[in-house]
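Q: Please take a close look at a single part of this protein. Begin with the overall picture, then zoom in.

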Amino acid sequence: FFCSAWLFVRWLCCPLQVTWMERYSRHRRMSWEDLRQKARDLENQIDIELVAFSRVKNATDASQATSSLDDLLSSLGDVNEQMQGILDSLPNPTTTQRHTLYRHREILEDYRREFRRTQEKFGGFRSQSDLIDSVRQDIQQHGTSQASRNEALYLQEHSQLQSSKQRADETTRVAMDAHAALLDQRDVINRVSNRLSSTLSRFPAVNNLAQKIGIRKKRDTLILSAVVASCLIFSIWYTIH
């Protein structure tokens with residue numbers, strides 16, 4: 001009797017157990033498919049972001065692309081872990097499921113390597129750009145410094161020329177004043193000489209003495225003229241050089 005009752009109860013519960021296991025298994029299969037679809041979506045987004053990241057030209061866009069790719073790669077890693085959890089919970093996961101998870105993990109690793117390669121490439125471009133900017137700044141600073149030095153040299157030379165011109169003008173003015181004074185002295189000497197000549201013509205002895213004095217005066221005049229001429233020549237030579 002007890003054996004018959006136990007068999008009857010087992011017969012009644014068996015359909016319920018099968019129905020529950022089917023529903024549980026169907027729920028598991030739907031979750032697996034959802035995760036596969038999510039993994040595909042994330043892989044498509046990562047592919048697009050990697051292409052965009054490879055074309056980045058400035059640091060701001062690179063920072064934004066790096067942050068977005070980090071989040072996407074992290075999300076794809078989480079999805080792969082969830083898929084692994086489902087496989088671990090199944091009593092007998094299929095070979096297709098294992099291969100699918102293995103393929104998604106390979107894709108994730110490929111994306112990570114490509115991401116690191118692009119980062120290194122951008123870092124090299126950025127270092128090269130920084131080097132070019134540094135060299136350009138050095139050239140500009142050198143050019144500015146050289147222009148400042150040239151300007152200082154030009155100003156110094158201009159100042160020296162102005163000073164030389166002022167000294168030459170001063171020397172010329174002194175020479176012209178000396179020449180005017182000599183002309184005045186010559187006029188005075190000529191008038192005095194004429195008076196002495198008219199006076200001494202009356203006295204022969206005094207006339208001889210006056211002639212000697214006149215000869216000495218002419219000699220002094222010639223010497224003074226030579227000195228003035230030498231000064232003028234020296235002034236002109238100094239101005240030219």
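A: The protein has four helices and zero strands. Helices (H or I, at least four residues) and strands (E, at least two) are DSSP runs, numbered from the N terminus. From that end, the elements run α-α-α-α. This is a predicted model, where local features need pLDDT of at least 70, side-chain atom pairs count only at pLDDT 80 or more, and totals for chains, interfaces and linings use all residues. Residues are numbered from 1 along each chain as its sequence is written, and side-chain values use heavy atoms, leaving out hydrogens and water.

Now zoom in on Thr118. It lies in helix H3, which spans residues 95-200. Thr118 counts as buried because its relative accessible area is 8%. Buried means under 20%, exposed over 50%, and partly exposed in between (1.4 Å probe, protein chains only). Buried residues make up 16% of the 241 residues in the protein.

What does Thr118 touch, leaving aside its neighbours within four places in sequence? It is in contact with Phe53 and Ser54. Contact means heavy atoms within 4.5 Å. Across the protein, take the contacts between residues at least 6 apart in sequence: 74% of these join residues at least 24 apart.

For contrast, look at Leu224. It sits in helix H4 (residues 204-240). Leu224 is partly exposed, because its relative accessibility is 36%.
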